[in-house]
Amino acid sequence: MECPNCGKEYVDNGQIICEYCGNELLSSQRNTQITVKTKLEQFIEDSGIKEAYKKMKESLRKLKK
């Protein structure tokens with residue numbers, strides 16, 4: 001993880017205060033959201049067809065209207 005104040009890396013995710021600058025890390029950790037990708041989303045990213053997939057999705061949405 002990275003301190004939002006000084007940018008230094010820290011290893012312990014449970015760390016409350018940055019050991020370098022003394023910034024409180026707990027408040028910044030509350031604001032972070034973990035996004036979980038579906039297997040399909042992960043496959044699309046890994047295979048490199050993300051842009052083509054987005055274009056197809058947009059085209060299909062336009063057809064429905």
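Colleague: In what order do the elements of the protein run from the N terminus on, and which residues are linked in a network of salt bridges?

Modeller: This is a predicted model, in which local features need pLDDT of at least 70 and side-chain atom pairs count only at pLDDT 80 or more, while totals for chains, interfaces and linings use all residues. Residues are numbered from 1 along each chain as its sequence is written, and side-chain values use heavy atoms, with hydrogens and water left out.

From the N terminus on, the order is α-α-α. The protein has three helices and zero strands, these being DSSP runs numbered from the N terminus (helices: H or I, at least four residues; strands: E, at least two). Of its 65 residues, 11% are buried, where buried means under 20% relative accessible area, exposed over 50%, and partly exposed in between (1.4 Å probe, protein chains only).

The network that you ask about links K37, E45 and K50. A salt bridge here is a side-chain nitrogen of Lys or Arg within 4 Å of a carboxyl oxygen of Asp or Glu, and by this rule there are two. Both involve E45: its side chain meets that of K37 at 2.8 Å, N to O, and K50 forms the other bridge, with the closest N and O atoms 3.4 Å apart. E45 counts as partly exposed because its relative accessibility is 33%. K37 is likewise partly exposed, at 41%, and so is K50, at 35%.

The surroundings of the network deserve a word. Between α2 (39-47) and α3 (50-64) lies a loop that holds I49. With a relative accessibility of 40%, I49 is partly exposed. Together with L40 and F43, I49 forms a nonpolar surface patch of about 300 Å² of accessible area. Patches are made of residues with over 30% relative accessible area and no salt bridge; like charges are joined within 9 Å, and nonpolar side chains (Val, Leu, Ile, Met, Phe, Trp, Tyr) within 5 Å. Accessible areas come from the Shrake-Rupley method with a 1.4 Å probe, and for residues only the protein chains shown count as cover.

Another lysine, K8, has its charged end over the ring of Y20, 5.5 Å from the ring centre; the rule asks for NZ of Lys or CZ of Arg within 6 Å of that centre and within 35 degrees of the ring normal.
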